[in-house]
Amino acid sequence: MATVAYRNIVKSYGAVRVMEDLSLDIADGEFAVLLGPSGCGKTTLLRMTAGLETVTGGDLLIDGARMNEVHPRDRDIAMVFQNYALYPTMPVWENIGFSLEVRKLPKAEIRKKVEAAAAVLNLTDYLDRYPRELSGGQRQRVAMGRAMVREAKVFLFDEPLSNLDAKLRAQMRMEIRQLHDRLETTTIYVTHDQIEAMTMADKIVLMKGGRIEQVGTPDDLFDAPASLYAADFIGTPAINLIEGAVVDGAFKSAGIHLPLPPGTAATAGQRVTAGLRPSDMTLGAAGSITGRVVLAEKTGVEQNVHLDIGGADFVVTAPRDVSVRPDETVQADIPPQKIHLFDSASGARL
Amino acid sequence: MPAVTSAKAVFSSDHPLPWLFPLIAMLVVFTIYPLIYNIWLSFHEYAPFRRELEYVGTDNWVALWNDERFWGSLSVTLTYFVVVLIIELVLGMAIALLLDADLAGFGVMRGLLTLTLVIPPAITGMMFLLIQDAEFGVLTWVLEQVGVLDGTAPILSTPSTALLGVMLADIWQWTPFMVLIFLAGLRGLPGEPYEAAMLDGASGWQIFRRITLPQLSKVIAIAVLLRGIDLFRMFDYVFVMTSGGPGTATYTLSLYAWQQTFSFIKWGYGATISLVSLVLILVIANLFIWIAKVRW
């Protein structure tokens with residue numbers, strides 16, 4: 001177990017600077033998720049941590065020791081790759097035990113550790129198979145087993161579930177998190193899937209264009225997004241964003257009048273964007289928002305009702321037993337403290 | 001029209017034979033017939049005075065078994081085969097790994113590698129004959145300067161070194177072929193297992209032995225198969241450089257078969273030697289194919 005710290009990290013490819021002055025602390029035993037869209041720099045940061053990419057500037061510290069120039073093999077880090085990166089010519093047990101073999105551990109001890117990891121990962125019956133003879137989920141587990149037997153200081157995961165189907169992804173999410181809870185190894189996990197981040201992380205690091213947009217717990221990012229970008233990225237269905245202005249102490253937009261959330265720093269006349277989470281809203285006979293029902297998407301446990309408000313699509317999550325019909329006019333409401341207000345120009349939370 | 005319909009029906013994918021006919025015809029004319037004729041020939045011998053082939057039963061096969069020169073040629077061929085193959089394999093792999101590093105200028109070097117392959121082997125033989133000439137050969141001069149040769153035993157005229165001299169031409173010409181094949185194999189390997197191995201703590205040698213080499217096993221098997229077959233029937237270099245000499249020090253099976261067939265007009269005996277070569281090549285080739293059938 002170890003702490004990982006990034007101090008003013010800079011990364012350039014030739015003349016192109018892709019990361020500028022990035023600083024972050026990951027605590028001992030923490031499960032940190034680097035979240036963001038493609039090209040935001042999350043995988044680059046992970047690969048720099050592993051030593052697979054050079055650090056152009058700044059300091060990368062593991063347990064307080066500077067790692068910038070340390071060879072990957074000497075960093076005591078285990079990594080699970082997006083495409084698993086299994087050794088195709090080795091059967092499962094050799095794949096898992098390779099790191100122990102190169103450290104010249106006795107064969108009996110290697111076998112013992114491999115079998116223990118395989119038992120945890122339900123791979124005992126597959127130890128003599130080759131990677132090409134395994135399913136995606138089994139390969140994923142072998143990759144995790146390879147990391148487990150290392151007993152490394154830090155585990156790195158690079159979008160490990162992106163090649164799996166939805167059901168297996170949900171199962172593996174749980175398994176990875178349980179594995180972390182059991183081993184308590186500091187873990188850095190890269191994903192573009194906000195559901196993975198929300199369900200697994202102790203700490204989410206939301207990235208955009210090579211810099212950190214917001215760091216916090218999943219609840220922090222959901223309940224108090226620091227910016228329009230953070231608000232829009234987190235949450236399914238996505239947050240409803242409405243542009244308007246602060247007029248007479250309230251938020252006003254075409255057809256919508258909302259009270260300002262308590263403690264907001266918005267000033268009169270300021271152009272602002274209101275963010276309303278579909279799950280924070282209720283449909284009813286009375287409300288501050290009026291719209292025409294376009295579609296009701298049933299998800300099983302609930303339904304997402306799409307409203308047309310002045311030509312804009314607006315989603316409200318409602319219990320599945322609420323009856324709505326297309327073209328029906330309905331009212332929606334939201335408690336003032338659940339309204340997120342952002343400056344339209346800067347995107348910053350007000 | 002019915003005729004058109006019938007031609008269409010015959011040349012459809014439902015009837016493979018018409019499509020296979022040209023290939024089958026070529027195989028019959030250029031491979032199967034010569035093979036059968038060769039087998040038939042090995043039980044006959046040319047009688048120069050009567051100017052005809054006469055049946056001799058198993059005489060050629062018995063004579064071959066008792067022919068010291070045949071066993072000598074076989075020994076030379078096997079020595080040449082093993083030594084050259086190992087050197088070309090190791091050297092080819094080493095150069096391929098080096099060129100795979102993609103340093104400045106390596107692209108040009110990869111292109112230059114193909115040059116040796118377009119030179120006819122007979123010309124290469126002439127080049128190395130001159131390079132190793134006892135009086136003005138560059139290699140002879142260099143080896144004399146460093147004290148390896150003392151001027152009394154020219155490379156190609158000394159029984160103990162003549163075969164090495166011939167091998168040099170082969171290695172120079174065909175190592176680039178190995179390099180190109182291995183380089184293509186190396187370029188096709190996925191990068192992530194290497195990164196994983198680095199993080200697993202493997203050294204460069206461990207990565208090569210446990211990751212690279214097993215993944216290249218099929219490529220290596222094909223390269224060894226192609227070169228192995230060529231080496232086993234090697235003729236050009238010894239024909240041009242030594243004519244099998246000094247004595248019989250560089251007599252390969254191919255050269256011996258050629259000598260028996262065309263110099264001594266012993267067509268049946270030459271055919272018998274060729275058949276033994278063929279069987280040996282088939283055995284060795286199948287051995288490589290069997291080794292290459294890795295499970296992964």
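Tutor: Let us begin with a rule for helix length: the expected span of a helix is 1.5 Å times one less than its number of residues. The model shown here is predicted.

Student: What span should helix α3 of chain A have, and how far apart are its end C-alpha atoms?

Tutor: Helix α3 of chain A, residues 107-120, has 14 residues and should span 20 Å at 1.5 Å a residue; its end C-alpha atoms are 20 Å apart, in agreement with that expectation.

Student: Which residues of α3(A) are buried, and which exposed residues lie on the face turned away from them?

Tutor: The general idea comes from helix geometry: an α-helix has 3.6 residues a turn, so residues three or four places apart point the same way. In α3(A), the buried residues are A:I110, A:K113, A:V114, A:A117 and A:A118. They lie on the same side of α3(A) because they cover an arc of only 135 degrees around the axis. The face turned away from this buried side carries the exposed residues A:A108, A:E109 and A:A119.

Student: What covers the buried residues of α3(A), and which residue with a positive phi follows the helix?

Tutor: The cover includes α2 (92-102) and α4 (136-150) of chain A. After α3(A) comes A:N122, with a positive phi near 60 degrees.

Student: In what order do the strands of the open sheet in chain A lie?

Tutor: The 4 strands are ordered β2-β1-β4-β5, with antiparallel pairing. β2 (16-26) and β5 (65-66) of chain A are the edge strands, each pairing on one side only. Strand β4 (residues 57-62) of chain A is joined to β5(A) by 2 bridges, and the two run antiparallel. A:L61 stands opposite A:R66 in β5(A).

Student: How is chain B divided into domains?

Tutor: An automatic or database assignment gives domain 1 (2-59) and domain 2 (67-292) in chain B. Their centres, taken over C-alpha atoms, are separated by 33 Å. Contact between them involves 9 residues of domain 1 and 9 residues of domain 2 of chain B. On the domain 1 side, α2 (16-41) and β1 (44-47) of chain B each supply at least two residues. That side divides into 5 nonpolar, 3 polar and 1 charged.

Student: Finally, how many residues does each chain bring to the contact between chains A and B?

Tutor: Chain B brings 15 residues and chain A brings 19 residues. On the side of chain B, α9 (192-199) and α10 (204-215) each supply at least two residues, and α9(B) gives the most, with 6 residues. By class, the side of chain B has 8 nonpolar, 3 polar and 4 charged residues.

Key
Residues numbered from 1 in each chain as written. Chains lettered and ligands numbered in written order. Predicted model: local features only at pLDDT ≥ 70, side-chain atom pairs only at ≥ 80, totals over all residues. Contact = placed C-beta atoms within 7 Å. Nonpolar A, V, L, I, M, F, W, Y, C, P; charged D, E, K, R; others polar. Buried ≥ 20, exposed ≤ 12 C-beta atoms within 10 Å, placed from the backbone. Arc of directions from axis to C-beta. Pairing = 2+ DSSP bridges.
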